[in-house]
Amino acid sequence: MADLLRNGDAEDVAVKLGAFEQQALIHDFSTSASARFNATLNSLSKWLVAAVFVIIFLWRHDTEALWAASGSILNASLSTVLKRILNQERPVSAIRSDPGMPSAHAQSIFYTVMFCIVSMVEYFGLNGITAVISALIFGIGSYLSWLRVSQQFHTSSQVTVGAALGFSFSIFWFWLWDAIVLDAFISHLWVRIVVVLGTAAICASFLLYVIRYWVLEEINLYY
């Protein structure tokens, strides 16, 4: 009888150990899948943000969208200049050797977040639905920016500063359009020429930058 009890206890222990091992395997698999998803989403974030911006630009196809496009490129250029001035290292310098303050990704993401929210509110007004969608857009932008920290490309302060700069620059850029540029754009032909040609030149330069650094960088990763 004692032997049977001991055998029963051993079987219970074996069953429990098997269940624990199975739960550990499931946890490891889900953690690994989540890590792979975050890494992939992080690597695609710049393309996703650029695609969203282009879609909204084509949807609006007006002069303010053209002005916003030039602002997005100037915003990215501002990040590059600040990185060289501040020259703060990234958390893991082996991943990227260039400075990390502020996060260019976070700065571009939150400029685009503001552009999305402004475009939606201008077209549909401020109501309950647009408020909820705006909060969702803000949350997605925050998540994409947080990935730069989780993937160890930036510190939390670098991402926070980048996000604040992108958000603030977008507010300034749209205020500049509404308060000063729009009236001059309507009233003077030379202002229209300068704005259109200047924006076209900036966008063409950025396209060359994308081909040289984004596209070729992706190609070099696979070959």
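Me: In which helix is G162 found?

Reply: G162 is found in helix α5. A quick caution before we go on: this is a predicted model.

Me: Let's follow S103, then. Where does S103 lie?

Reply: You will find S103 in the loop between α2 (63-86) and α3 (104-124).

Me: Why is S103 called buried?

Reply: Its value is 0% relative accessibility, and the cut-off for buried is under 20%. S103 therefore counts as buried.

Me: Which residues does S103 touch, leaving out those up to four places away in sequence?

Reply: S103 touches S79, R148, H154, Q158, V159 and G162.

Me: Back to α5. How do you know that the length of helix α5 agrees with its number of residues?

Reply: Helix α5 covers residues 156-187, which is 32 residues. At 1.5 Å a residue, α5 should span 46 Å, and its end C-alpha atoms are 45 Å apart, so the two agree.

Me: Where does α5 bend, and by how much?

Reply: The bend is at V181, and it is about 50°.

Me: Now for S70. What makes S70 count as buried, and where does S70 lie?

Reply: S70 lies in helix α2. Its relative accessibility is 3%, and buried means under 20%, so S70 counts as buried. Not counting residues up to four places away in sequence, S70 touches W173, T199 and I202.

Me: Let's step back to the whole chain. How many helices and strands does the chain have?

Reply: There are 6 helices and 0 strands. Along the sequence, that reads as α-α-α-α-α-α.

Me: What share of the residues counts as buried?

Reply: Of the chain's 223 residues, 31% count as buried.

Me: One last thing. Among contacts between residues at least 6 apart in sequence, what share joins residues at least 24 apart?

Reply: That share is 76%.

Definitions and conventions:
Residues numbered from 1 in each chain as written. Predicted model: local features only at pLDDT ≥ 70, side-chain atom pairs only at ≥ 80, totals over all residues. Heavy atoms only, no water. Helix = DSSP H or I, 4+ residues; strand = E, 2+ residues; numbered from the N terminus. Buried < 20%, exposed > 50% of the residue type's maximum accessible area, 1.4 Å probe, protein only. Contact = heavy atoms within 4.5 Å. Expected span 1.5 Å × (residues − 1). Bend = angle between axes of the 7 residues up to and from the residue.
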